Amino acid sequence: MTWLEFTTKVKDFLPVDKDRLNVKGTYLDQLIRQSVIDLQSFIPEFRLGHETIYALADVTQEGFASVGALPDQAEPRDAYYVSTATDDECNRKPFTPYDWGNRFDLVCANYQVKQCGFAFAIDPQAKTFYVFPAVEDGRELSLFWDGRKLEFADADSVPFDEGAAFAASEYVAAHIRRKVDNDLAAVNSHMASYRVKRSQLFTDQRERRRFKNTSPSQQPSNACGNQSCAATV
């Protein structure tokens, strides 16, 4: 599901509020954003595996390297130098971590390795990065990271499903009741519903990461598993 699809689904659960003149637009969009920031705080699975794409316009060239900004609160997992000229998922080269103190090696194309490679240096505050070779036309940088994602583009792939959309709608409705309608009883009702749904999402996400069938094999022995037994016959 993309961010646009998710926000559309949330608004579908708010058939009246989404069209109110004093709600729709920026205010409603920001409440939806705040709802998923809150969900990410309580559900670790929603903080895993984000992807940010850096095209030529998203970085600054410095010598033979490109300089960019990491997403706020990002914990980088891995990154790839990708050609945009093909849909082949294998047409990507992994970046190797490079010491920040030696980042000017990348700027000067003095990358200290025995063979040609791709390097990624991150500053100690995890705010800025240098990559070599530089991002150019027809190439982009794909960065995978964990952490709370705070900003979303319409085309971004998100881990939130329809259940999360329903929970988000309860969060949004509660804040509309409080800020716009001043109806504290409705605020408490919607927040109670939100907390219940948030707990269900936490449990559901944990269950999805577990094997259901964990019983041992019925074979009397697995000594020859994945091996040729010819030598023992």
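## Exercises on helix packing, cores and loops

In this predicted model, α1 and α2 are roughly perpendicular to each other, a label that applies to angles of 65 to 115 degrees, whereas angles under 35 degrees count as roughly parallel, over 145 as roughly antiparallel and the rest as oblique. Because the model is predicted, local features need pLDDT of at least 70 and side-chain atom pairs count only at pLDDT 80 or more, while totals for chains, interfaces and linings use all residues. Residues are numbered from 1 along each chain as its sequence is written, and side-chain values use heavy atoms, with hydrogens and water left out.

**Exercise 1. Find the angle at which the axes of α1 and α2 cross, and the residues that make the contact.**

Start with the axes, which are lines fitted to C-alpha atoms, for helices over the stretch in contact, with angles running from 0 to 180 degrees between N-to-C directions. The axes of α1 and α2 come within 11 Å and cross at roughly 105°. Next, look for contact, meaning heavy atoms within 4.5 Å: α1 contributes Trp3, Phe6, Thr7, Val10 and Lys11, and α2 contributes Leu28, Asp29, Ile32, Arg33 and Val36.

**Exercise 2. Describe how α2 and α5 cross, and state which residues make their contact.**

The axes of α2 and α5 come within 10 Å and cross at roughly 50°. That makes α2 oblique to α5. Ser35, Asp38, Leu39 and Phe42 of α2 meet Tyr194, Arg198, Leu201 and Phe202 of α5.

**Exercise 3. Compare the end-to-end reach of α5 with its expected span, then list its buried residues and part of what covers them.**

Helices (H or I, at least four residues) and strands (E, at least two) are DSSP runs, numbered from the N terminus, and the expected span of a helix is 1.5 Å times one less than its number of residues. With 24 residues, α5 reaches 35 Å from its first C-alpha to its last, close to the 34 Å expected. Buried means under 20% relative accessible area, exposed over 50% and partly exposed in between, with a 1.4 Å probe and protein chains only. The buried residues in α5 are Ala186, Val187, Met191, Tyr194, Lys197, Arg198, Leu201 and Gln205, and their cover includes α2 and α4.

**Exercise 4. Which residues of the largest nonpolar core touch the most other members, and which element gives the most to this core?**

A nonpolar core is a set of buried Ala, Val, Leu, Ile, Met, Phe, Trp, Tyr and Cys residues joined through side-chain atoms within 4.5 Å. The largest one has 28 residues, and Trp3, Phe6 and Phe160 touch the most other members. Two or more residues come from each of α1 (3-12), α2 (26-42), α4 (162-181) and α5 (184-207), and α4 gives the most, with nine residues. Apart from this core lies another, of 14 residues, among them Val59, Leu70, Tyr81 and Leu143. In soluble globular proteins, nonpolar side chains tend to be buried together.

**Exercise 5. Examine the backbone at Pro133, Gln73 and Ala109, and place each residue in its loop.**

The peptide bond from Phe132 to Pro133 is cis, with omega near 0°, and Pro133 sits in the loop between β8 (128-132) and β9 (139-146). Gln73, although it is not a glycine, has a positive phi of about 70°, and belongs to the loop between β3 (65-69) and β4 (75-83). Because its relative accessibility is 36%, Gln73 counts as partly exposed. Ala109 likewise has a positive phi, near 55°, in a residue other than glycine, and it is found in the loop between α3 (104-107) and β7 (119-122). At 37% relative accessibility, Ala109 counts as partly exposed.

**Exercise 6. Is Gly147 buried or exposed, and which residues is it in contact with?**

Gly147 lies in the loop between β9 and α4 and, at 9% relative accessibility, counts as buried. Leaving aside its neighbours within four places in sequence, Gly147 is in contact with Gln40, Arg47, His50 and Gln73.
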